[in-house]
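Reader: Please take me through the cavities and the charge pairs in this one. Keep it short.

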Amino acid sequence: MVSITSCLDWEITTIEKIGNRLKGYHPLQTTLAENNGSQCGYCSPGWVMAMYSLIHTNPNLTMLEIEQSFGSNVCRCTGYRPILKAFKKFAKDYPNAYEIPDIEDLSICEKTGKKCNKTCDEEDEWCVIKKEDVMQHKIIEIPLQDHKKWFRVLTVNDIFEVLNQEGYDSYMLVAGNTAKGAYPIKEYPQTLIDISDVSELKRTFIDQNLVIGGGTTLTEALDIFQHMATQDYFEYLLKFYQHLKLVAHIAVRNIGTIAGNLMIKHQHNEFPSDIFLLLETVGAELTLEKVQLARIAYGGLSSTFIRAAATEKYLTGKELFTNDTLRMVLQVLKGELKVVEIPPNPSAAYRKQLAINLFYKGLLSICPEDKIPERYSSAVINLHENRPVSQGIQVYDTNPSLWPLNQPLPKVDGLILCAGEAKYTEDMPSLPEEVYGAFVLSTVPNGKIVSIDPSKALAENGVIAFYTAKDIPGENSFTPNNTPVSIVFEPLLSDGVIEYYHQPIAIIVAKTRKIADRAAELIKIIYSDVRKPIVDIKIAKRDPRRVFLLATMPATEAGREVVKIIKGENTIYGQYPFTMETLVCVTKPTEEGLEVNAATQWLDIVHEMVSRVLNIKQNRIDVKVRRLGGGYGFKVTRVSQTAVACSLVAFKLNKPCRFIQSLSTNMRAMGKRFPCSFDYEAGVDNTGVIQYLNVNLYEDNGYKINEPIASLGLVVYNNCYDSKRWNYKCFNGITDTAKNSWCRSPSTLENIAMAETILERISYELSLDPLQVRLSNLDYANHNDLKEMTSTLVEKADYNSRKQDVQSFNSQNRWKKRGLRFSCMRWKSSAASYLDANLSVYHGDGTVSLTHGGIEMGQGINTKAVQLCAYLLNIPVEKVQIKPNDTTISPNSFCTAASITSQVILVNIRQCCEELLKRLAPIRAQMINPTWEELIKKAFEASVDLQTHGFVGNNYLNDYNVYGVTLAEVEIDVLTGEHEILRVDLLQDVGQSVSPEIDIGQIEGAFTMALGYWTSEHLVYDLTGELLTNRTWNYHVPLARDIPQNFKVYFRKKSYSTDVYFGSKMTGEPSVCMAIVIPFAIREAITAARLENGIPTTSWFNIDGPYTVEEICLATATRLQDFRFKD
């Protein structure tokens, strides 16, 4: 975020400095690794450094303060719980808190240059002045590569000196430069002036008012507000302090300034500046409950509406806390609010309702307690601010007699991940003559390309080349047309027809990534035959030209006791996988051909398609990958487009090429999780048992049907329920969007959600207990396991008493409501695989190296492989090392996906180990109780081959079910639509876990990823087909303070799959399907709020897509007449 030129005179500490394998690791690194706080590891160094900085700033933090400090750090893998658990161990209130011995060493005495012992008497000591403090300052000028100029100034006069010298036509004053997070800067002005060290702009003093310099950072402002709030006449600054703590991330607050925030508001009036609002409210006055002066300011409603002037005028002189005043002022406010649509922001309807609700909530917050109805008092409680320290338990059995199999161990590479020593594709050092590629994207949703003019881009300094489909030597596709996973071609670059907004059309090549990205937007393209797009499967399913029948599952019987018929539809939308590592590839020419280093889950697709696109033999191409920074299915086929494009550039120029797609490019140009829509009609009896069910499910493939993802859900279309009376049809649908692709638990999520939603609605329509409805429809013949599991969770989660507690809470609180709901799951994946493994033993010390066809991306496949190998060979896990993967040691390998690979690799390792032990048996028979090292040395001397190979083809299928039951309790704020997940109890059938801590991490991480899918990850498209939510500013994944306050995970006891997989079951995907329990619990809370308005609980309401704050607030159907004070 910070420009390198802003870092002059900074002391920068990196992850490598605080701990490494040479000098030893830091306690933060070791603790995070030991607690399995790292999965893919891509974000782990950032978490460590954030915690290091935090504790260095304040070593006396509480557990709650640590959690609050990480409210906006992102991790997609872990579900946050183990990260928070690790870091809270350093809190002062943690039992037997961990110590960080080197924190004091960081305080260096400026007088002696030694460790500060803090014994100086300031009055008796000389003041030490640095040399630079007395030297005459000077303006520092730094010429930039793009011919712009950077100036570092220390005074206001310096600013004007630079401007007088360089001119006022094109300049920018730079402090934190955090605004580019909200409004990306594509082209900087000619003159950049760094004012971050201008002390005059950081002054704070009091005349009649408090004066704060515009260069004051938000963090500094927080300290000022907190201190001044204790002074007379400035008590109101406590509210400023409390509000400002909610603004931005700590790192942003540390460098973002007050003036910078206000300048964004000045340049973009629609920007909801909290600083601006706070300053606008200064001056309001309330005396003895009569309004003397009112100031009511709003942001985020429209670019012009700031102050509710008519409301202010009405309130002046009024008795504030009377119902007569309240009724009238609400009408005045409602009438004067000017709210416009500002996509992708929430709808105008929600923002208007929220503006009114917050006004009432604000009145309650300052209202005397004796004038607030008792049931209304909780309205003033801020759900998120009052969130306690999170907690959780993980309950599982482990058998020490099997260890290291079934042993709870940290990831084998966890420590190097937390130390920043693990390498990813993008970490490859820069290569001589290296160039950068970027996609040129379409700016229409569909149509034809008339002409492409790259001249303006090619004229830019640093731009090297430009390629279109005409420049491809072989086939124009990044997917094969002959595999079970990919059945048709998808164009690498548009062949002249545009299928969706932001489709890749061409490749621009430049000396730097920044130049390439900028040049990509300079390409002039003329289109014809542009049509209005259809981007919503809910609309597309009504067009027979866009839907194609995939499968039919007919009913075999029908019941005759129909007492109620229920009809409806529901639509759920896409999800961006949000891998922390983007789609990236580095390709370099070699003496044979090309070396392709791609962040891929599928080596073979990259290998094959680079060959086919470039028209060169596969044996001239090497594809390599060490690990991924997250995958979730996104990198099965989508990264192939990046890798093939990168290789095309390297091939054409005979130079190394680095192709790093930005988050916004990924989100705009690449497909996501399949959206789906389903229509249903159910006839039920008075106990909720389905007599007949007709359901049609429509999967949204995007613009093309290629990967057979929709078929994966067919095996669980009925989830765990009796399907004899189900008439089910599944359709493939197409929309004018990017080709949707694999995403954690593809299609199974949609089908399980469909089944659970229908059962949930039945329970509401008939006013029945939702768990009982599920048990009444359970397929006991095939899935009786769930009867036992639901009974177990009812007891463990204390369901019956908590159900009564929720009802009691709802009766006592008008503006806070709770919901407690179940979901059940049967998950299955039967896909085959094709994977190799190689085991090598070294005669010098008996250590073992393994290679296998799976890709490590955080799921712990390497850790499981190591544990199994050590178990079978009866050696310590420390003796086993996993080596990187490539297409020489793993040719033709199947993709690592759907949790299948972690299972199949167990078979591979068993084959390798059993073959090795077979070869060693005759040697062992000649020796008396040899050590492993002695045995290997003797075998080597006897010319025994110490390398073995394992192979698994289509003959191994995962023919078992994974069961799960989940109970969730949530609380919503009826006035704002916010929610908190109070507790989740999750019981999953994992079989006999090979590595329990790895499986816990997979379950928690998958559940949290889906939690975002169901609550916050909202994709918003413009009418043109353009995706508007294309970065973290407007696409919101779950964060550390969004997870359940109390998260309890249980493994089913005495479960076992088959000997083939050592009793284990898949864990990376299933719990994604259990997170639907969260919207169910939210729905119950909404229903309780609607009941207050006279809407019966049997009245079903539909919510499509995630249960966002907008959907929750509007669904509660709150009315103005519901607002009141005590009479």
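Author: Terms first: Ala, Val, Leu, Ile, Met, Phe, Trp, Tyr, Cys and Pro count as nonpolar, Asp, Glu, Lys and Arg as charged, and the others, Gly among them, as polar. The model is predicted, so local features need pLDDT of at least 70 and side-chain atom pairs 80 or more, while totals for chains, interfaces and linings use all residues. Residues are numbered from 1 along each chain, and side-chain values use heavy atoms, without hydrogens or water.

Reader: How many cavities of 30 Å³ or more does a search of the whole structure find?

Author: A cavity is a set of points on a 1 Å grid over the protein atoms where a 1.4 Å probe fits but cannot get out. Over the whole structure, with a cut-off of 30 Å³ or more, the count is 8.

Reader: Which helix gives the largest share of the lining of the largest cavity?

Author: About 350 Å³ of space lies in this cavity. It is lined by 29 residues; closest to the centre are Met 857, Gln 859, Ser 899, Gln 1002 and Glu 1069. By class, 10 lining residues are nonpolar, 16 polar and 3 charged. The largest share, 4 residues, comes from residues 900-925, which form helix 29.

Reader: And the second largest cavity: which helix gives the most to its lining?

Author: Here the volume is about 110 Å³, and of the 13 lining residues, Asn 570, Thr 757, Phe 1080, Ile 1103 and Tyr 1107 lie nearest the centre. The lining has 8 nonpolar, 4 polar and 1 charged residues. The most, 3 residues, comes from helix 32.

Reader: How many salt bridges does a search of the whole structure find?

Author: Side chains of opposite charge can pair when their charged atoms come close. A salt bridge needs a side-chain nitrogen of Lys or Arg within 4 Å of a carboxyl oxygen of Asp or Glu. By that rule, the number of salt bridges is 74.

Reader: Glu 1017 pairs with Arg 76. How far apart in sequence are the parts that this pair ties together?

Author: The closest N and O atoms of Glu 1017 and Arg 76 are 2.8 Å apart. Glu 1017, at 1% relative accessible area, is buried (under 20%; exposed is over 50%, partly exposed in between), and so is Arg 76, at 4%. Glu 1017 sits in the loop between helix 31 (996-1015) and strand 33 (1046-1051), and Arg 76 in the loop between helix 4 (63-69) and helix 5 (81-88), so the separation in residues is 941.

Reader: Arg 518 and Glu 460 also meet. Is Glu 460 buried or partly exposed?

Author: The N to O distance for this pair is 3.7 Å. Arg 518 is in helix 18 (residues 513-520) and Glu 460 is in the loop between helix 17 (455-458) and strand 12 (463-467), 58 residues apart. Arg 518 counts as buried, at 17%. Glu 460 has a relative accessible area of 29%, so it is partly exposed.

Reader: Which helix holds both Glu 608 and Arg 612?

Author: Their side chains form a salt bridge at 2.7 Å, N to O. Glu 608 is buried at 13%, and Arg 612 is buried at 18%. The two are 4 residues apart, about one turn, within residues 603-614, which form helix 20.

Reader: Which residues are linked in a network of salt bridges?

Author: Salt bridges can join into a network here. The linked residues are Arg 375, Arg 814, Lys 817, Glu 1092, Arg 1119 and Asp 1122.

Technical notes: On a 1 Å grid over the protein atoms alone, a cavity is a set of points where a 1.4 Å probe fits but cannot get out, and a pocket is an open set with protein on both sides within 12 Å along at least five of seven lines; lining residues have an atom within 4 Å of a point. Grid points are joined across faces, edges and corners, and a volume is the space filled by probe spheres set on the points. Buried means under 20% relative accessible area, exposed over 50%, partly exposed in between (1.4 Å probe, protein chains only).
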